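Hi,

Here is the structure I promised to pass on. Have a look at it first, and then read my notes below.

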Amino acid sequence: MDEEIYLRLVDDKDMKLLFDWRNDEVVRKNSFSTEPIDWEEHVSWFNATLKNPSVLFFIMMSGEQAVGQIRINLEVDNTAIINYSIAEKYRRSGYGKKILNLAETELYDRFKKKYILKALVKTNNIASQLAFERLGYMCQNTEQYILKTYIKIL
C-alpha cells in the first residue's frame, strides 16, 4: 500500500469492471443475491444507481489501480447503508478497513452532519466483520443469525 489511496466517483467506464467484480465467486458468496448477474440486469442496475441522487458510489484507487468499490445508500432518516467489496488480488491486505475509513471521511466532508452508518454482513464473512469492528462499528445482534448488523454513528 505504498501508492496514494483515494476514492473516485464511479462513472460509465466502470460498468464492465463492476460487473466482473459483482460476479466474482467470493463476492457472490458474501452477497444477499448469490446467483451470477447477467449483463442486461447489471446494465439496468448500474444506470439506475448512477442516476440515483441518494447513492454515493466510489471506486477505491491505489495509484492507478482500481482496488475495490463502495456504495453508500442515503436514507431519509440519516441512515447510510454501506456495501463494499475488494478486488480479489487485493483481499487480505487491509483494504477493507481503508475503504470504509475513506467512505466515512467522504460522507462527513460532503454533508457535515451525523449519519448512522449501517452494514449487513453475513456471519461467514469474517474479513468484513473485522474491518467494521476495527473501525468502531458495533454489532447489534449477538445471536447466531445469517447476517450481522454493524452500526456506527458518524
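This is a predicted model: local features need pLDDT of at least 70, side-chain atom pairs count only at pLDDT 80 or more; totals for chains, interfaces and linings use all residues.

H5 itself covers residues 126-134, and Ser-128, Gln-129, Ala-131 and Phe-132 are its buried residues. They sit on the same side of H5, because they cover an arc of only 160° around the axis. If you turn to the face away from that buried side, you'll find Ala-127 and Arg-134 exposed.

Helix H3 can be read in a similar way. It runs over residues 39-51, and its 13 residues should span 18 Å at 1.5 Å a residue; the end C-alpha atoms are 18 Å apart, which agrees. His-42, Phe-46 and Thr-49 are buried in H3. Seen down the axis of H3, the buried residues fall within an arc of 70°, so they line one face of the helix. The buried residues of H3 pack against helix H1 (15-22) and against strands E2 (55-62) and E3 (65-74).

Now for the inside. Which residues touch the most other members of the largest nonpolar core? Among its 38 residues, those are Ile-70, Leu-100 and Phe-132. The elements that give two or more residues to this core are strand E1 (5-9), H1, E2, E3, E4, H4, E5 and H5. E2 gives the most, with seven residues.

Leaving out residues up to four places away in sequence, Ile-70 touches Leu-7, Leu-56, Phe-57, Phe-58, Ile-82, Asn-83, Tyr-84, Ile-99, Leu-100 and Ala-103. One of these, Phe-58, has Ile-70 in E3 as its bridge partner.

That brings us to the strands. E3 is mostly covered, with seven of its 10 residues buried. E2 and E3 run antiparallel and are joined by eight bridges. They form a hairpin with two residues between them, and Gly-63 in the turn has a positive phi of about 65°. E3 also runs antiparallel to E4, and seven bridges join them. Here Arg-71 stands opposite Asn-83 in E4. E3 and E4 make a hairpin too, with four residues between them; in that turn, Asn-78 has a positive phi of about 65°.

One last stop is Thr-149, which is found in strand E7. Is Thr-149 buried or exposed? With a relative accessible area of 12%, Thr-149 is buried, because the cut-off for buried is under 20%. Not counting residues up to four places away in sequence, Thr-149 touches Lys-118, Ala-119, Leu-120, Met-138, Cys-139, Gln-140 and Asn-141.

Best wishes

Conventions
Residues are numbered from 1 along each chain as its sequence is written. Side-chain values use heavy atoms; hydrogens and water are left out. The expected span of a helix is 1.5 Å times one less than its number of residues. Buried means under 20% relative accessible area, exposed over 50%, partly exposed in between (1.4 Å probe, protein chains only). The arc is that of the directions from the helix axis to the C-beta atoms. Contact means heavy atoms within 4.5 Å. A nonpolar core is a set of buried Ala, Val, Leu, Ile, Met, Phe, Trp, Tyr and Cys residues joined through side-chain atoms within 4.5 Å. Two strands pair if DSSP finds at least two bridges between them.
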